[in-house]
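Hi everyone, thanks for making the time.

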Amino acid sequence: MNRLINKKTVITGGTSGIGLATAIQFANEGAQVIITGTHEQRLKDALAKIGGNAKGFLSEAGSLQ
């Protein structure tokens, strides 16, 4: 299905669990996906699972620093 083509989404905590599953589903439906995570290797692994239309950034959403 391609119902999310030309849509963009940011998913915090997208390296595991519901965040990762959502990112995969959105990417499969055509969205451009940006995920955040706190661990570099988990971020890289998640991006590999999501596919080429995703980007990731190291970030701690619970911290202002």
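A word on the ground rules. This is a predicted model, where local features need pLDDT of at least 70 and side-chain atom pairs count only at pLDDT 80 or more, while totals for chains, interfaces and linings use all residues. Residues are numbered from 1 along each chain as its sequence is written, and side-chain values use heavy atoms, with hydrogens and water left out.

So, the fold. Along the sequence you'll see the pattern β-α-β-α-β, that is, two helices and three strands. Those are DSSP runs, numbered from the N terminus: H or I of at least four residues for helices, E of at least two for strands. The radius of gyration is 11 Å, close to the 11 Å that the globule rule gives for 65 residues, so the chain is as compact as a globular protein of that length. That radius is taken over C-alpha atoms, and the rule is 2.2 Å times the number of residues to the power 0.38. The C-alpha trace spans about 35 × 20 × 20 Å along its principal axes.

Now inside. Buried residues are 31% of the 65; buried means under 20% relative accessible area, exposed over 50%, and partly exposed in between, with a 1.4 Å probe and protein chains only. The largest nonpolar core has twelve residues, among them Leu20, Ile35, Leu43 and Ala46. A core here is a set of buried Ala, Val, Leu, Ile, Met, Phe, Trp, Tyr and Cys residues joined through side-chain atoms within 4.5 Å. Helix α1 (17-28), strand β2 and helix α2 (40-50) each supply at least two residues of this core.

Let's zoom in on alanine 46, in helix α2. Which residues does alanine 46 contact, leaving aside its neighbours within four places in sequence? They are Gly14, Thr15, Leu20 and Ile35, with contact meaning heavy atoms within 4.5 Å. Alanine 46 counts as buried because its relative accessibility is 2%. From glycine 14 it is 32 residues away in sequence, yet 7.5 Å away in space, C-alpha to C-alpha.

Last stop: threonine 36, in strand β2 (residues 32-37). At 11% relative accessibility, threonine 36 is buried too. Beyond its neighbours within four places in sequence, its contacts include Gly14, Thr15, Leu43 and Phe57. Leucine 43, with that same exclusion, touches Thr15, Thr36 and Phe57, among others.

Thanks, and happy to take questions.
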